Amino acid sequence: MKQKQRPLLTVGIIFKNEIRCLERCLKSLVPLREAIPCEVVMADTGSDDGSYEIAEKYADILFKFPWINDFAAARNAVLDRSSGKWFMTLDSDEWLDPDIREMVQFLQLGGGGHNFAGFTIRNFKLPDIMDDDYQDFYAMRIMRSGIGVRYEGCIHEHWKYPETIKNPQVVRLDTVVYHDGYAFASKEAMKAKQERNMELLRKKLEEDPDDLQTLAESMDVTKTTDDISVEYAHRALKVLHQDWERWGPYGSRIYRDVVTVAQLRKQPELLEWAEKAVELYPDSIYVRVDVAYCAYARSWDKKDIPEAVRWAEMYRGGLEDYRTGNFNRSELFRGQLEFGSPHWERRLLIMQVEGYLELSQHENAFSTFECIDGASLDEAEQVEACVNMLLRIHRETELDTASLMGRFWDQINQPLPDEAMEKKRRKAFLQTAAASLTPYYRSDETTRNTFVRHSYTALLPLEGRCVLGDGAAILEETEPEVLETRLARGDVEDLPIAALAHALKCGARFPMPKSPLRMETMDALAGRLGPFGGLFELAGSTSEENLQSLYWKRALLLAAIRSCDWKDEENGLELVNAYVALERQFLAGYYTDALLSEAGAYLLPPAHRFGFYCVRAFDAMHGEDTVGYVRLLRLGLDSCKEMKEMVEFLLSHMEKMQSLSAPPELKALADQVRVILARFDSNDPAVAALKASEAYQKVAYLIEGFAVPVRGGMAQ
């Protein structure tokens with residue numbers, strides 16, 4: 001009978017209730033099992049969620065192992081059942097990257113005389129594995145079988161070497177194994193796990209209070225939740241320096257841990273510890289990346305910009321060496337790199353640009369901004385910060401920002417990681433950059449000592465690609481014909497309102513005959529033009545008399561009324577007279593006579609009904625019917641409450657309104673009567689006779705004014 005071939009590799013896995021991820025892990029091993037003779041040995045430590053049934057489909061050896069609060073015991077049970085020439089351990093919430101070529105080659109060549117190999121474990125922190133917030137470390141996970149290595153440690157289990165292996169040489173493979181167990185863990189599960197781990201760690205510290213590895217693990221478990229991590233940090237530094245000969249090589253990891261504890265727990269020693277770390281371990285990747293990041297963040301919080309920039313430069317140099325492999329890789333066998341992912345680099349880059357700008361190092365700000373990938377921004381606040389800094393670089397320098405602006409716009413509009421994020425980035429860009437086109441912004445920036453040119457001109461390269469680029473181009477133009485051409489190119493509703501205001505004040509025709517607009521669109525645009533002022537003048541400059549132009553005039557006048565300062569009597573009187581004259585013309589051209597009647601008015605929209613009653617009120621005033629004037633204004637106000645200020649103005653200026661609305665012949669007669677009255681004493685019988693005459697009664701209101709009956713606080 002042919003003997004079964006001994007597998008080249010045994011993959012050992014322990015699990016419990018891992019239905020979420022177990023099959024993914026086992027499927028990722030398929031390419032490896034196809035490449036080399038391989039077996040999978042699995043121990044179930046108490047599943048009741050169907051994980052065991054999943055494991056049955058893939059495992060060569062599957063057994064149940066009672067959980068005894070000891071990870072090493074479970075690992076050793078799997079190790080004892082393995083028969084491969086090499087042994088590799090995986091967790092069920094891990095999975096192999098498809099590129100396993102280097103691992104396969106290492107095993108097929110017999111390890112090249114080495115007994116151990118490790119690879120990168122990439123810990124994802126959020127459920128979306130495309131997220132770039134992760135932490136890397138090297139894990140020694142592969143060993144030659146039969147060399148006497150066993151697992152030890154009830155928590156964070158590790159290999160214990162026999163006395164024959166004094167200094168194990170580890171081959172560092174470029175293979176990557178992904179891990180998302182922390183990303184998917186609920187808060188309750190994480191808390192339970194931390195409490196379980198701390199219980200085990202406390203027991204270890206009771207047995208050996210000066211074990212630096214246990215102190216480091218204790219800091220790691222408690223630094224985000226408990227100030228006891230600060231106590232562990234001080235103890236760890238004391239142990240390190242008391243027994244330097246033993247722990248010195250391990251100290252770079254300790255200094256990284258105590259600095260991150262100081263950052264999370266807001267301890268004042270952070271910068272002191274960071275400087276000491278640089279002094280003792282200047283080449284450590286932990287120091288140059290993790291320590292530098294924390295020191296940069298603290299310096300920034302203290303508003304020490306020069307120091308923040310110094311630490312940021314150290315961080316970026318360390319990160320570059322990390323990514324090119326130009327560092328002592330064995331360090332990462334001691335623990336993960338906390339701040340080496342693009343997620344943290346991106347945050348620092350944004351602040352580094354701002355730091356350079358604060359120090360007036362514009363070329364450095366420009367080159368650093370070039371390193372920002374807009375497609376990776378995952379928060380609206382990041383996009384806002386980038387836009388503001390890009391505008392600032394442009395405003396304060398003569399550097400050519402065109403390529404920078406175009407590249408950034410293209411990047412944020414990539415559907416990465418999905419279209420929802422793309423829309424979020426684009427919205428943040430448009431909302432932030434739009435401010436640079438407003439008159440207030442443009443006026444304010446010219447008062448700054450650093451002003452070189454207007455920020456909005458940075459958007460000119462986006463003309464034809466972005467409404468803000470189109471708006472910037474309009475602001476740069478003054479010729480009405482050219483402006484009309486630009487307005488006709490796109491949807492005017494999306495155009496920055498500052499650009500439309502500029503075009504109108506330069507004399508551009510609007511609305512354009514070939515680009516008709518809906519009534520609600522014109523109302524909305526006129527309302528948005530309010531803060532720019534001059535609406536009355538714009539309405540007067542619209543000369544065409546087609547129905548659309550007439551409505552546009554009306555929309556402008558209504559917007560002017562809504563934003564009017566009614567304390568300015570002269571302006572108010574001029575405005576309401578223009579409004580009523582236009583409303584008379586508009587209503588007559590827009591509605592039938594049947595609707596423009598007392599019976600039909602109730603069918604009109606509120607704003608149009610108000611206009612109808614205003615016109616009728618002015619007609620009543622011309623007919624000297626002051627009571628009718630008041631009644632009609634009140635009906636108009638009932639139709640459109642937002643016109644309250646205008647109605648109150650009209651009621652409080654009845655004398656002026658009557659005078660302004662009187663026919664010329666009555667005004668001439670009133671002037672004659674005033675001349676006659678001036679010749680006599682007020683008590684003269686001739687004055688009384690004159691005032692009783694029919695002629696005087698026609699012009700009395702122009703001479704004496706009139707009082708309006710008041711009830712309930714409002715003129716009736």
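This briefing covers a helix pair, a cavity, a salt bridge and some backbone details. The model is predicted: local features need pLDDT of at least 70, side-chain atom pairs count only at pLDDT 80 or more, and totals for chains, interfaces and linings use all residues. Residues are numbered from 1 along each chain as its sequence is written, and side-chain values use heavy atoms, with hydrogens and water left out. Helices (H or I, at least four residues) and strands (E, at least two) are DSSP runs, numbered from the N terminus.

**Helix pair**

- Two packed helices are described by the angle between their axes and the distance between the axes.
- The axes of α28 (residues 606–622) and α29 (residues 626–639) come within 8 Å and cross at roughly 175°.
- Axes are lines fitted to C-alpha atoms, for helices over the stretch in contact, and angles run from 0 to 180 degrees between N-to-C directions.
- The two helices, α28 and α29, are therefore roughly antiparallel to each other (angles over 145 degrees count as such).
- Residues of α28 in contact (heavy atoms within 4.5 Å) with α29 include F610, Y613 and F618.
- On the α29 side, they meet residues including Y629, L632 and L633.
- By class, this contact has 13 nonpolar, three polar and two charged residues.
- Ala, Val, Leu, Ile, Met, Phe, Trp, Tyr, Cys and Pro count as nonpolar, Asp, Glu, Lys and Arg as charged, and the others, Gly among them, as polar.

**Cavities**

- A cavity is a set of points on a 1 Å grid over the protein atoms alone where a 1.4 Å probe fits but cannot get out; lining residues have an atom within 4 Å of a point.
- The whole structure has two cavities of 30 Å³ or more.
- The largest cavity has a volume of about 40 Å³, the space filled by probe spheres set on the points, which are joined across faces, edges and corners.
- Its lining is E463, D470, A473, I474, R486 and R489.
- Helix α21 (residues 467–475) gives the largest share of that lining, three residues.
- The lining has two nonpolar, no polar and four charged residues.

**Salt bridges**

- The structure holds 40 salt bridges (a side-chain nitrogen of Lys or Arg within 4 Å of a carboxyl oxygen of Asp or Glu).
- One of them joins D180 and R24, with the closest N and O atoms 2.9 Å apart.
- D180 is in the loop between β10 (170–179) and α6 (181–184), and R24 is in helix α1 (residues 22–28), 156 residues apart.

**Backbone**

- A cis peptide bond joins L416 and P417, with omega about -5°.
- Another cis peptide bond joins F510 and P511.

Conventions. Parallel < 35°, antiparallel > 145°, perpendicular 65-115°, else oblique. 1 Å grid on protein atoms, 1.4 Å probe; cavity = no way out; pocket = protein on both sides within 12 Å on 5 of 7 lines; lining within 4 Å.
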